[in-house]
Amino acid sequence: MSEAAFGTIAQGEPEIRGRISEPRPIWQAPLLPIGIVLIYMGTMLFNDVTAEIRVLLVLAGITGGYLGLDAICQRRWGSGFDTSAWLSGVWLIMIGLGAITVQWLPLPESKLVKNSFGEGLRLRPDLFSRHPLGTNSQELDLLGGVMWGARTSLIISLGAVAIGLIIGGVIGIAAGYFRGTFDSGVGILADSMLAFPPLILLVAMATVFEQNQWTMALELSLLGIPTYIRLSRANTLTFAQREFVLAAKAMGSDNRRVIFRELMPNVALPLLSYAFLVTAVLIVAEASLSFLGVGIQPPEPTWGNMIEAGQENYQDHPHLVFVPGIVMFMTVFALNRVGDKARERWDPREAQI
Amino acid sequence: MLRVVGLKLVRLVPVLFLVSLATFFLIDLIPGDPAAVALGTDATIEDLEAIRKSLGLDKPITERYGDWLGGALTGDLGDSLRPPNEPVSDLLQRSAGPTLRLSAMALGMSFTISIFLGVWSAHAAGNRADRLVSGTMFTFISVPTFLAGLLFIFFFVFRQSVPRYLWVIAVGLIVLRLLYLAVSRLWEDRRDFSGWSGYAVATLVVAGLLLWVFVQWPDFPRTASHRYDDNWREQLRSLFLPALALALSEIAVFTRLLRADMLSTLQEQFVLSSRAKGMPTWRILFRDALRPSSFSLITIAGITLGRLIGGTVIIESIFGLEGLGKLIVAFGVLPKNYTVVQGGVLVLAVGYVLLNAIIDISYQYLDPRIRRGRV
């Protein structure tokens with residue numbers, strides 16, 4: 001939700017010496033299909049079995065499936081292969097593709113109640129049926145809802161990140177380069193923006209503006225801007241001392257050229273590498289707003305308002321909350337995982353010199 | 001020293017000014033007439049005029065801001081626009097209690113859990129246990145708070161037996177592992193009493209804990225209400241789930257932080273000398289290494305408290321807790337009760353700024369390394 005959350009993901013860790021892990025033994029590879037079958041049985045097949053056994057099946061399936069996949073990947077690409085990070089990347093690509101292509105897919109109705117009559121009420125998820133992830137209390141398809149929700153979430157959070165990146169990045173570079181009064185003024189501005197509890201601020205703004213994708217992107221960018229100001233200022237400070245900036249100045253470059261040609265290309269990469277982490281935070285913020293009923297309104301499905309609608313009778317129909325919830329969790333997890341890798345790779349302050 | 005503190009205090013003034021300005025002008029961004037929006041459609045002209053007068057909407061904007069700021073500085077945040085038209089400060093005071101209790105409990109829980117996990121995973125760095133903890137923490141940080149709240153309600157209230165049996169299985173595995181260690185040491189050398197007695201005691205303790213929690217498994221209520229305000233046991237029980245949901249991501253943040261700091265402390269010479277003197281591992285970890293490693297943890301704890309107080313909105317509305325967040329959203333934002341929104345946001349934001357400033361200043365006293373000027 002806030003800067004501290006991804007600030008701490010961003011904590012560097014001292015290197016642990018002396019342990020080079022062995023690749024996972026290949027005999028574990030069959031665990032992958034076994035795990036997948038266990039997950040399938042736990043979530044969809046054994047609807048009449050008690051909850052304890054189903055939870056156990058799913059947990060065992062996840063563990064086994066991951067170990068098996070890990071064994072196969074490490075066999076193929078060496079023991080340094082980071083399976084969970086690649087898995088996260090694959091999931092993000094899938095979500096992105098789903099969000100782009102959802103309008104052309106032949107999915108059952110997932111938005112308008114008048115078109116979904118007779119589909120079946122709160123159908124349980126069943127992979128080999130017309131509704132692979134089930135239907136909700138209005139007979140709307142959950143798979144379609146989750147994909148439309150992915151599109152809304154991605155448009156809003158990526159839009160907010162882009163706005164925050166451009167505005168915050170430029171202000172931060174200028175503050176770090178010029179220093180002095182401008183720098184302290186920007187610092188005060190960023191401090192006051194960070195002073196509001198983020199969720200309360202967003203909720204308060206939601207009363208003021210009409211909520212659609214574009215206004216929500218603007219509102220959420222207010223969370224990203226101060227963070228990006230600080231990041232780009234800190235990165236600029238390290239670059240502004242370097243020889244190539246001095247050389248550019250000595251050759252008579254004016255401030256604009258130094259900022260846009262010398263500093264910006266260097267600062268852009270670390271800022272972009274944080275974009276994943278910020279996107280994850282903003283997706284949660286957007287879903288929280290929808291959940292509270294002050295974000296995007298139904299019939300437009302979002303993960304937040306699907307969960308909100310589902311919590312009414314999820315005691316007996318848990319899939320109403322679990323389907324959008326798990327998709328959202330996996331997306332946020334994947335963004336954090338990939339973001340962590342990207343930051344390690346591209347943030348110069350992390351690199352050991 | 002005093003100069004640095006003074007500079008920080010001076011810097012606080014413009015931030016607070018901007019915060020008050022933004023809070024105040026929020027009400028002016030609303031399309032239409034706030035008074036009309038607040039009263040609804042069946043208001044008479046006289047009602048409207050009365051509300052407009054009480055909000056001061058007939059005066060020029062600078063004068064209104066001055067009046068409001070003057071009132072706010074003396075603790076008068078206006079009256080609620082909705083019946084019963086109580087003073088906003090009274091409303092805020094009443095709902096601050098549950099929020100503070102909830103945040104404090106969440107903070108306490110995240111501290112206890114993350115100190116153990118952080119120390120343990122730093123000690124076992126690179127091991128399977130460490131990787132398990134790191135992976136779990138990564139999962140925790142990715143669970144949105146409201147999802148955590150709903151999951152806890154589902155599993156701890158609707159399907160109680162699931163966590164109960166999972167507890168038995170998870171802790172049972174630990175007991176078996178300890179038992180195996182104790183027996184294998186005993187097998188190696190029966191005369192070396194010190195080799196296995198520790199594991200034997202640990203096995204008994206953990207097994208006892210397993211049974212005790214299994215038998216005493218509490219019956220968590222669906223909503224955390226005020227009914228139990230005088231009974232602390234009931235209160236703990238009703239606040240347990242919401243606090244755990246809030247604590248989840250903080251546990252992850254704290255554990256990662258403590259683990260990283262602890263890892264670098266464990267490389268220090270004094271740890272080596274302590275080890276050379278033959279101190280037991282738990283003593284080295286918890287008496288020698290924990291204190292110098294807990295510095296940034298304490299700093300972030302203050303910031304977290306401020307953040308938790310402002311971030312409990314969703315948890316409060318899921319668990320039906322009448323706290324600050326619930327007041328602002330359910331009684332302020334949704335019925336468009338603007339004075340409550342203004343007052344609540346102002347109090348939270350100013351509290352957050354002041355808390356951060358206090359931490360920042362105490363930092364100056366605690367850590368000699370950063371006393372000199374700005375970084």
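I began with the two chains and found that 44 residues of chain A are in contact with 51 residues of chain B, contact meaning that the C-beta atoms of two residues, placed from the backbone, lie within 7 Å. I noted that this is a predicted model, in which local features need pLDDT of at least 70 and side-chain atom pairs count only at pLDDT 80 or more, while totals for chains, interfaces and linings use all residues. Residues are numbered from 1 along each chain as its sequence is written, and chains are lettered from A and ligands numbered from 1 in the order in which they are written.

I then asked which element gives the largest share of the side of chain A that touches chain B. That share, 8 residues, comes from helix 12 of chain A.

Next I looked at chain A as a whole, which has 12 helices and 0 strands; these are DSSP runs numbered from the N terminus, helices being H or I of at least four residues and strands E of at least two. The C-alpha atoms of chain A fill a box of roughly 75 × 55 × 35 Å along the principal axes.

Last I looked up Ile26(A), which lies in the loop between helix 1 and helix 2 (31–45) of chain A. Beyond its neighbours within four places in sequence, I found Ile26(A) in contact with Ala71(A) and Arg75(A). Ile26(A) and Tyr177(A), 151 residues apart in sequence, are 54 Å apart in space, C-alpha to C-alpha.
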